[in-house]
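Dear colleague,

My findings on the ligand site and on one helix pair follow it.

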Amino acid sequence: MQSSSFDVLVIGAGIAGATAAAHLAPTLRVGLIEAEEVAGYHSTGRSAAIWIQNYGPPDVQALSGLSRRFFEHPPDGFAATPIMARRPVAFLAPSEQEPLLERMLAEGAGLREIAVQDLRQMVPALREGYATRAAIEDDAFDMDVAVLHQGFLKLLRHHSGTLALRSRTGRVERVAGRWEVDIVEGGHFSAPILVDAAGAWGDAVALQAGVRPLGLQPKRRTGAIIDPQPWDARDWPLLNDCDHNWYCRPEARTRLMVSPADETDVEPQDVQPDELDIAIGIDRMQQALAIDVRRVEHSWAGLRTFTPDRSLAFGWDARSEGFFWFVGQGGYGIQTSPAAGRLAADLILGRDPGDAAAILPVLDPRRFA
Ligand SMILES: Cc1cc2nc3c(=O)[nH]c(=O)nc-3n(C[C@H](O)[C@H](O)[C@H](O)COP(=O)(O)OP(=O)(O)OC[C@H]3O[C@@H](n4cnc5c(N)ncnc54)[C@H](O)[C@@H]3O)c2cc1C
């Protein structure tokens with residue numbers, strides 16, 4: 001049984017909660033509360049681990065750009081190994097997707113057209129006749145999500161923050177200017193500020209606290225690992241079509257991760273993969289690549305949780321004092337996390353958010369009030 005009082009309680013120790021907690025800990029007494037036995041069990045441990053500048057709405061692209069420097073130059077002692085490794089991203093356009101490609105080239109940053117035969121030099125499995133045109137983002141990269149996540153949790157501990165695992169919030173009540181939080185497993189925490197970083201459960205935590213939900217929608221996404229033999233795929237770019245109907249990327253040197261880029265609405269849960277989604281992903285990938293899939297070695301699914309307008313929701317609730325939303329990270333929560341965590345801390349501490357100030361109106365959860 002734990003009973004502790006803090007300056008701020010952060011609910012959820014995925015990448016969102018870990019980054020917010022780490023950035024707040026030098027200034028405030030932080031309690032990071034996680035329902036599961038390990039931090040990162042849900043979406044954070046299930047991502048495709050790629051950073052792509054040309055991905056997501058403008059607010060996401062802005063935060064991805066602001067996060068890039070952190071990946072390139074993490075603070076001293078943050079991680080023992082690099083947290084990024086270059087991995088270009090190729091966008092393939094079958095003829096009907098050429099208008100999409102044109103738009104991406106006109107509006108995208110760091111994107112260039114590449115001749116399909118040049119792409120085939122990089123990816124010899126690319127079938128003749130699938131794509132009529134293609135573009136490439138050269139400066140995308142793989143992220144080491146586990147090392148990144150642990151780095152932020154280490155920073156939290158370094159600043160004397162507390163991580164409470166196996167601690168699912170139950171009753172959450174505002175009493176005399178503080179959030180009083182009962183833990184289902186036993187124990188009690190309290191703080192004047194509560195940060196809702198509960199991912200797919202963001203609305204559920206709000207309801208516990210008597211706060212009006214934003215209308216978050218978790219969407220299932222599936223990944224499967226296959227052996228691309230006889231191809232050596234380790235240096236291939238991430239490949240996807242311009243309409244984002246599928247993607248695949250090298251995994252663990254000799255394997256390929258394949259996804260149908262599915263977005264199936266589901267309730268918040270420990271989500272599992274659906275056989276049909278795996279088959280669809282492999283079928284779409286095989287239309288582009290001559291890969292004979294004999295066996296799916298491993299598959300999983302995770303939740304990407306969106307606000308109603310698919311932009312992020314970072315900021316104070318419109319009505320409930322001391323309730324801070326840090327949700328709606330969708331399919332970009334890892335690549336935006338360094339700048340997102342800093343921004344959350346700046347807003348909570350009343351600091352100047354610097355270059356992120358321009359996107360604040362788009363992120364403000366009060367837009368749904
Ligand atoms: C297949 C897939 C591929 C992806 N690929 C990428 C990618 O390439 N790049 C990228 O940037 N992003 C990617 N994402 C998205 C990314 O994984 C998410 O945006 C990110 O992990 C969200 O982090 P989070 O901390 O908000 O959520 P989570 O990691 O789900 O953390 C929320 C935490 O809150 C806890 N919690 C919930 N309710 C309570 C409660 N009542 N009490 C205590 N704790 C609670 C949960 O247990 C959970 O640990 C992908 C996602 C999927 C599923």
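A polar contact is taken here as a pair of N or O atoms within 3.5 Å; within protein, one must be able to donate a hydrogen and the other to accept it, and residues adjacent in sequence count only if both atoms are side-chain atoms. An oxygen atom of the ligand lies 3.0 Å from a polar backbone atom of Ile-50. A nitrogen atom of the ligand is 2.9 Å from a backbone N or O atom of Ala-48.

The model is predicted: local features need pLDDT of at least 70, side-chain atom pairs count only at pLDDT 80 or more, and totals for chains, interfaces and linings use all residues. Residues are numbered from 1 along each chain as its sequence is written, and side-chain values use heavy atoms, without hydrogens and water.

The ligand is surrounded by 38 residues (a heavy atom within 4 Å). Glu-34, Thr-44, Thr-169, Gly-330 and Gln-335 are the closest. By class, this shell holds 17 nonpolar, 15 polar and 6 charged residues (Ala, Val, Leu, Ile, Met, Phe, Trp, Tyr, Cys and Pro being nonpolar, Asp, Glu, Lys and Arg charged, the others, Gly among them, polar). Strand E20 gives the largest share, 3 residues (strands are DSSP runs of E, at least two residues, and helices of H or I, at least four, numbered from the N terminus).

Helices H2 (residues 58-72) and H8 (residues 337-349) pack at about 105°, their axes 6 Å apart (lines fitted to C-alpha atoms over the stretch in contact, with angles from 0 to 180 degrees between N-to-C directions). H2 is therefore roughly perpendicular to H8 (65 to 115 degrees).

Yours sincerely

Conventions: Angles under 35 degrees count as roughly parallel, over 145 as roughly antiparallel, 65 to 115 as roughly perpendicular and the rest as oblique.
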